[in-house]
Amino acid sequence: MKPKETLLNTQHNGNGHHNGHHNGHHHGPAYVELSDVTIDEIGENHVSTSYDTPLRADAFDVSDADKIAQIEQHFRSIMEIMGLDLTDDSLKGTPKRVAKMYVQEIFSGLNPANKPSVTLFENKYKYNQMLVEKDISFHSNCEHHFVPIFGKAHVAYISSGQVIGLSKLNRLVQYFAKRPQVQERLTMQIGKELQKALNTEDVAVVLDAKHMCVASRGVNDVTSSTITAFYGGKFKEEKTKSEFLKYLELKTEF
Ligand SMILES: [Zn+2]
């Protein structure tokens, strides 16, 4: 099922209710207005509507400094609406702190300027087996609730003649994690970027993560974790895939 069809199906499963805006006036799924029911469903079921992070074309017309200033203002309003006393010493600096954290840290992966540059090296020793980098820890945020998703990424590739610096694998995972995300999209973005960077289809990515929107609210389930996978090229073959998955079972004690 294509992502946009998922969105439409979600709407039809709503409760059969469609108001006038939903019928006949739009030019495609991107223009459909969502009812409150649909918005709740997308959030609770963590449906992603596209593979690319939905960014506007003018996303980076505004400088980081301006974004921080604007977010600070808006976050202050949110706190004030909730009735918090911002003259309190402990709360005073929070709007600015949150704004800086959003732009410079936890959502810094939205800006392509922050994408790690990848240098490839000649595979001189002709290593032509699978390389697995496992237990890469990452922190992200659910785009439906803006609360943390955190977990481990396991990535693998088979060299097509060039190799990548190991730390770049971690950095690419972290770059895509630092966006408002859904886990499925994060998995695919990492996989596709590795294929591009490494010049090979033979890439695998497995993510195992905890969602705070599932653990700390909603169903309040603290024990479940979510696993998603991306398999390209040779990793679609059973033999290669199971070799990769066996490596993930190895217990490494350091
Ligand atoms: Zn969520």
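Here is a chat about a predicted model of one protein chain.

Biologist: What does the secondary structure of the chain come to?
Modeller: You get nine helices and seven strands. Keep in mind that the model is predicted.

Biologist: OK, and how many residues of the chain count as buried, as a percentage?
Modeller: That's 23% of the 254 residues.

Biologist: Let's do the sheet. What order do the strands of the open sheet have?
Modeller: The order is S5-S2-S3-S6-S7, so five strands with mixed pairing.

Biologist: Which strands stand at the edges?
Modeller: Those are S5 (180-181) and S7 (226-231). Each has a single partner strand, so one side of each is left without a neighbour in the sheet.

Biologist: And how many bridges join S6 to S7?
Modeller: Six, and the two strands run antiparallel. S6 covers residues 203-211.

Biologist: Switching to helices. Which strands does H7 lie across?
Modeller: H7 lies across S2 (130-142), S3 (148-158), S5, S6 and S7. Against S6 it runs at about 155°.

Biologist: How many residues does H7 have, and how far does it reach?
Modeller: H7 has 16 residues, 183-198, and reaches 22 Å from its first C-alpha to its last. That is close to the 22 Å expected at 1.5 Å a residue. Just after H7, Asn199 takes a positive phi of about 60°.

Biologist: Which residues of H7 are buried?
Modeller: They are Gln183, Arg185, Leu186, Thr187, Gln189, Ile190, Gly191, Leu194, Ala197 and Leu198.

Biologist: Now the largest nonpolar core. Which of its residues touch the most other members?
Modeller: Out of 30 residues, those are Ala153, Val155, Val173, Ile190, Leu194, Ala204 and Val205. The elements giving two or more residues to this core are S2, S3, H6 (166-177), H7 and S6. Ile190 and Leu194 are also on the list of buried residues in H7.

Biologist: What does Ala153 touch?
Modeller: Leaving out residues up to four places away in sequence, Ala153 touches Ile136, Phe138, Val173, Ile190, Val205 and Leu207.

Biologist: Last one, H3. How far does it reach?
Modeller: H3 (residues 64-81) reaches 26 Å from its first C-alpha to its last, close to the 26 Å expected for its 18 residues at 1.5 Å a residue. Just after H3, Gly83 takes a positive phi of about 90°.

How values were computed:
Residues numbered from 1 in each chain as written. Predicted model: local features only at pLDDT ≥ 70, side-chain atom pairs only at ≥ 80, totals over all residues. Helix = DSSP H or I, 4+ residues; strand = E, 2+ residues; numbered from the N terminus. Expected span 1.5 Å × (residues − 1). Buried ≥ 20, exposed ≤ 12 C-beta atoms within 10 Å, placed from the backbone. Pairing = 2+ DSSP bridges. Contact = placed C-beta atoms within 7 Å. Axes fitted to C-alpha atoms, helices over the stretch in contact; angles between N-to-C directions. Core = buried A, V, L, I, M, F, W, Y, C linked by C-beta atoms within 7 Å.
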